[in-house]
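Please report on the metal site of this model. Keep it brief.

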Amino acid sequence: MSKENLIKGLNEDLAAELGTVIRYNYQSGKSFGLTGKELREMFAAEITDELGHASFLTDVIIDLGGEPVTTPKDFDKPVNLKEMLELDLKMEEDDVKNYLLHSKDAEDLGYTELKMKLEEMAADEAGHARELRRLLKGL
Ligand SMILES: [Fe+2]
Ligand SMILES: [Fe+2]
C-alpha cells in the first residue's frame, strides 16, 4: 500500500459521497405521499452527514498531497420508492466496506487519526443502512 493508492481510494470515496449528496437531494424531490414525507426528513438529515464526510475527505486528500475530485459518482434513478431505497441500502453498505478497507490502508501507512475517522464514517454509513432497512420493512 502506497500513499498514492490511499489517495486514489479516498478520491473514490469522495466521488461516492458527492454522488450520495446529489442522489439524496434528487430522491427527496421525488418522494411523494405519506411515506415520502418520512423519506424527505431522513434524506435531509443524512445529506448533512454525507456533506461532512465529503468535506473531511477533501481536507485529508489535500493534506496528503493529492488533488480532490469534484465530479460525483453517477447513480441509477429508479422511480419506485422501494427500488429507490434498495439502491440506497446497497450503496450505503458499499460505503461501509470501502471505508473499512481504506481505514486498514491508513493504519498500514501509520495514519492513526485517519484510520479512526474512517472507521467512524463506516459506522455512520452502517447507521444509515439500518435506518433504510427499517423504512424498507414498511414498504
Ligand atoms: Fe457518507
Ligand atoms: Fe450514508
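Glu 50 is buried, with a relative accessible area of 0%. Buried means under 20% relative accessible area, exposed over 50%, and partly exposed in between, with a 1.4 Å probe and protein chains only. This is a predicted model: local features need pLDDT of at least 70, side-chain atom pairs count only at pLDDT 80 or more, and totals for chains, interfaces and linings use all residues. Side-chain values use heavy atoms, with hydrogens and water left out.

Glu 50 coordinates both the iron ion (ligand 1) and the iron ion (ligand 2), which are 3.9 Å apart. Donors are N, O and S atoms within 2.8 Å of the metal (3.2 Å for Na, K and Ca); water is not among the atoms, so sites may look incomplete.

| Ion | Protein donors | Distance |
|---|---|---|
| iron ion (ligand 1) | Glu 17 (OE), Glu 17 (OE), Glu 50 (OE), His 53 (ND1), Glu 125 (OE) | 2.0 to 2.4 Å |
| iron ion (ligand 2) | Glu 50 (OE), Glu 92 (OE), Glu 92 (OE), Glu 125 (OE), His 128 (ND1) | 2.0 to 2.4 Å |

Along the chain, the donors of the iron ion (ligand 1) are spaced E-x32-E-x2-H-x71-E. Glu 50 and His 53 sit about one helical turn from each other, because they are three residues apart in helix α2 (residues 33-63). Helices are DSSP runs (H or I, at least four residues), numbered from the N terminus. His 53 is buried, at 4% relative accessible area.

Glu 92 in helix α3 (residues 81-108) and His 128 in helix α4 (residues 112-137) are 36 residues apart, a pair that links distant parts of the chain. Glu 92 is buried at 1% relative accessibility. His 128 is buried too, with 5%.

Definitions and conventions
Residues are numbered from 1 along each chain as its sequence is written. Chains are lettered from A and ligands numbered from 1 in the order in which they are written. Helices (H or I, at least four residues) and strands (E, at least two) are DSSP runs, numbered from the N terminus.
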